[in-house]
Structures are given as C-alpha cells and as structure tokens.
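Thanks, everyone. I will take one structure today and go through it site by site. Please have the sequence and the coordinates open while I talk.

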Amino acid sequence: MYVQDTIVAPATAPGQGAVAIVRLSGVRALTILDSLWRPLRAGTKPEPRRMVLGEVIDPATRAILDRAIAVRMPGPRTFTGEDVAELHCHGGTYLVRRILGAAMAVGARMAEPGEFTRRAFLNGRIDLTEAEAIADLVAARGEGALRLALDQMTGLLGEKITKLRGQLISIRAHLEAEIDFADEDIDLPGRGEIASSVESLAEDVAVLHQSFVAGRIAREGARAVILGKPNAGKSSVLNLLLGIERSIVTAVPGTTRDVIEDSIQLGPLTLVLQDTAGVRESTDEVESIGIARTFRSLAEAELVLAVFDASRPLDPDDALVIERCHGRSGVALLNKCDLPPVIRPDDLRGAGLAMPIVPFSARRGDGLESLRTEIVRLAEEIAAPGVAAGVAISRERHRAALGRALQALAAARESLKAAMPPEIVAVDIGAAADALGEITGEIHSEDVLDVIFREFCIGK
Ligand SMILES: Nc1nc2c(ncn2[C@@H]2O[C@H](COP(=O)(O)OP(=O)(O)OP(=O)(O)O)[C@@H](O)[C@H]2O)c(=O)[nH]1
Ligand SMILES: [Mg+2]
C-alpha cells in the first residue's frame, strides 16, 4: 500500500555541488540505510539525530561508493511523521544516481513529486496551507513572497481558518441542538444571537477573501502593463526600469509586436513589467494580433503605466489609450520631456485621464525616481485589504473556497432573516465550514492533493 512504501529521492537540486542529500522515508528507511551505509568506526550503533561519518556501500557488490554522513531520524517526530534517514554524500550527478539505484535495489521506491510533503500532510504533521507554503518558500523570488510564505508556513493562515471553521461548527451545533431539543425547555442561544455571529463571521471571511490580491502580489509580483500608442517610448521605459536593453527600440512606429515580460525588485515589491505593442487602429495582421495581446495583458495587470509622447500633439490613438486607462490603477508618463513640449499634464487631464502624471524622459532618466515611488505607493494601496486581514491568501484555490464559504453564509443569513427552520440554516453553515476545511485540508480529496503536490519537485 502507498503509505507502507519507503521512498527515496535526492533532497538537493540536481547537478554538481559540494554535498548532495539523499533522503529516505517510510517504515523501512532505517533498515535500508543499514544495508547501504556503515559507520567508519565499526560496531558503533549511531544515535538518532546525530550526524555520523561512514561509508556508502553497494549492497550488491559490497564496493564502497562514497564516504558520507548519515542521520537517522526515527518517527513519528520527523518531517514526514515516518522513519526518515538522510545520506549527506558528495554532490556528483553520477554518484547520486548510483546511490539512489542502490537504495532502490534494497527496497526503496523513487518518490513522486512532493511525496515527502504529502506524507507529512497525510500523517497530520502539517496542514495543506503549510504544505503549500513550503512550495512558495522555495519558489520565493523576493522579500514579499518570502514573508508571505513564512507566515503561512508557521501556520498563521491555517490557524485563522481553523478558528473560523471552529466557530461555524459551534453555530451548527447550536442549531442542531435546537432541532433535537425543540420541545424541551433548555437554554439555547436565540436566533438573534446566531444571526449576529453569522454576520460577524461572514465579515471575517470576506476580509480574508479580499486579501487575495495582496497575497498574489506578494507571491507572484504586481503586474504592470506598459501601454501607449506606437513610438511613445514604451520599450525605452521598460529598458530604463530594467537597466538592460531587453526590448528593441527604434524610431519606427510599430516596432514591438509581442508582449515582452521581465521583472524587477522595488524594495520588497516584485514588479512584473510587460512591454506591449503600441495601441492604434491597424489593418496590418501581425500588428493587430499584437494589439489584441496588449489588451489581454491589460486585463490581467494590476497596474497600468501609460506612456504619452510629450513632443507631439494628442491624437486619436492617445484617446484610445486614455479610454483604456479609465477606472484603472496606474501612472501616466509624459515621456520625451527632454524635447520641446507640445503637450502638458493639463492636456492629458483635459482629455479625461484620471491617473497621476509624471513628466518623464526615458532617454535621460528624468522622473525615474518619482515613477518608482508612485508604483510602490499604488501597489501598497492595492494590497491594503490584505494588510487589514493580518494574513493574506495567495492562491486561487484559497480564494475559490472562501468564495464558496461566503455564498453559503449569505444563504444562511437569508434563511435566518426569513425565520426558516434551523435545519435549513444548519445545512448552509455546514457548507461554509466544509469550504473552509478544504483550505486547510481537513476535508480533502485525492484529486485536490494531486493538483497541489504536482507542482512540487521530486525530493520535497
Ligand atoms: N528624445 C527622446 N526620445 C525618446 C524617448 N523615449 C523614447 N524615445 C525615442 O522614441 C522612439 C520610439 O521608442 P520606443 O521605446 O521604441 O517606443 P515604443 O513605444 O516602444 O514603440 P513601438 O514599439 O513601436 O510601439 C525611439 O527612437 C526612441 O529612441 C525620450 O525620452 N526622449
Ligand atoms: Mg516598443
């Protein structure tokens, strides 16, 4: 059976390195270690959780494969909750493969992606939010992502969800008591009291639901799309922000045809910049496809960096850009301000642009600091609901489950208002509790686990 297997995998990244760690977990982990490795000082019985130097031996030929440190960690107080053994060997690609082969020859099975963490979850060592946080921690590219993953890994999100779920379960218990003891004279919380608890719980769930944008920005970065008519200087702005010549810049309008993406760090903020094809009415097939892509990026971005050419009069293409900026969060750059000005900020405002405007020169670098400051301010503004929640959700899976919980709570509120029988209300409260349980994994299916752990690498 699945959990009875002993699994093995390298815990370190593939490739050459000073040290590689081969990890075993399962009922036979320690026995398999004993047939693969022996301490240098023969006859000593290595103590648990002590690093002991010894030799790795090929169980088939008894040939020495490496000199390596072994650590024995008997369960259940291990990462996976099972017996775990680690071999810290030399970090050679062939050597590691050879040791893995030797372990498999004596009964271990190669681990699936994320299987160590999956076992940790199945054995109750961590909840699902903590498991996800481990993947996020490894993938973190900046301080924001790191902090978020750490908060989640130390159980901040899991505890919050568990607490909310506990409150829902207790409300349901009261409602069920109302059903069971309808004829008896016992003291139960009144409908008014239950309604106000549901009200305040729904509010807490809503705040957590809104923290998604903040969480996603911390985890994946804020996406900023650079928008403007052809030749406004979008690619120049991208290159200036990145500090490298990433995008092609020419005097020919319509140079950029595809979305060019790269990211920078602004303090703790990871900013994912997207340079796009200039927006204009076009009959050219390739350019039109490029412009369609621009609009797709725009739809997914949190921020818009709208670029205008200050050295030319506003035209219908600029009007198209201004129209697309409507209701969006972002900054307008009045670019090429090193040239004699033809338009000024007031002209943009007069044309209906509501964003803050920064006079800019991608050529000279004027306005760069103001732009950076403005972007950070805007990203903080967007992330504010997450800060209010104290902890942010970062995954679509969490957002969807909280959305289902909110729906169920809305239904419960309606039923309470309409003085429906307690069993009807109890069903909705139960559904909300279940939705929260899916986030931490108290309620889970194998399919959900497969999706979550598929993104892990082998050995984690
Ligand atoms: N004087 C001046 N020229 C600039 C500035 N920014 C860009 N340019 C010039 O404007 C032209 C167009 O620049 P790009 O960055 O390619 O413009 P774009 O908006 O990406 O253009 P498309 O990709 O065609 O949509 C190039 O000749 C740049 O050198 C600036 O701040 N000042
Ligand atoms: Mg361009």
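Start with the magnesium ion, ligand 2, in this predicted model. Its protein donors are Ser 235, through OG, and Thr 256, through OG1, lying 2.0 Å from it. Donors here are N, O and S atoms within 2.8 Å of the metal, or 3.2 Å for Na, K and Ca; water is not among the atoms, so sites may look incomplete. Helices (H or I, at least four residues) and strands (E, at least two) are DSSP runs, numbered from the N terminus.

The cut-offs are under 20% relative accessible area for buried, over 50% for exposed, and partly exposed in between, with a 1.4 Å probe and protein chains only.

Two conventions before I go on. Residues are numbered from 1 along each chain as its sequence is written, and chains are lettered from A and ligands numbered from 1 in the order in which they are written. Local features need pLDDT of at least 70 and side-chain atom pairs count only at pLDDT 80 or more, while totals for chains, interfaces and linings use all residues; side-chain values use heavy atoms, with hydrogens and water left out.

Back to helix 9. Seven of its nine residues are buried, so the helix is mostly covered. Those residues are Lys 234, Ser 235, Val 237, Leu 238, Asn 239, Leu 241 and Leu 242. What covers them includes strand 8 (222-228), strand 9, strand 10 (269-275), strand 11 (303-309), strand 12 (330-335) and helix 13 (368-389), where contact means heavy atoms within 4.5 Å. After the helix comes Gly 243, with a positive phi near 80 degrees. In the loop between strand 8 and helix 9 lies Asn 231. Asn 231 is not a glycine, yet its phi is positive, about 75 degrees. With a relative accessible area of 25%, Asn 231 is partly exposed.

Seven strands form an open sheet with mixed pairing, in the order 3-4-5-6-2-1-7. Two strands pair if DSSP finds at least two bridges between them. The edges are strand 3 (37-39) and strand 7 (109-110), each pairing on one side only.

Strand 1, residues 7-10, pairs with strand 2, residues 17-25, in the antiparallel sense over four bridges. Ala 9 has Arg 23 in strand 2 as its bridge partner. The hairpin of these two strands has six residues between the strands, and in it Gly 15 takes a positive phi near 110 degrees. With strand 7, strand 1 pairs in the parallel sense over two bridges, and Val 8 stands opposite Met 110. Which way do the side chains of strand 1 point? Ile 7 and Ala 9 point one way, Val 8 and Pro 10 the other, and all are buried. In a regular strand the side chains alternate between the two faces of the sheet.

Further along, strand 4 (residues 52-57) and strand 5 (residues 64-73) are antiparallel over six bridges. Leu 53 has Ile 69 in strand 5 as its bridge partner. Two backbone details are worth checking on screen. In the loop between strand 3 and strand 4, Arg 49 has a positive phi near 60 degrees. A cis peptide bond joins Gly 75 and Pro 76, with omega about 5 degrees; Pro 76 is in the loop between strand 5 and strand 6 (84-91).

Last, the rings. Arg 23 lies over the face of Phe 116, 4.5 Å from the ring centre, and Arg 324 lies over the face of Phe 295 at 3.6 Å. The criterion is NZ of Lys or CZ of Arg within 6 Å of the ring centre and within 35 degrees of the ring normal.

How many aromatic pairs does a search of the whole structure find? It finds one. The ring centres of Phe 453 and Phe 456 are 5.1 Å apart and their planes are at 45 degrees, so the pair is tilted. Rings of Phe, Tyr and Trp (its six-membered ring) pair if their centres lie within 6.5 Å; planes under 30 degrees apart count as stacked, over 60 as edge-to-face and the rest as tilted. Both Phe 453 and Phe 456 are buried.
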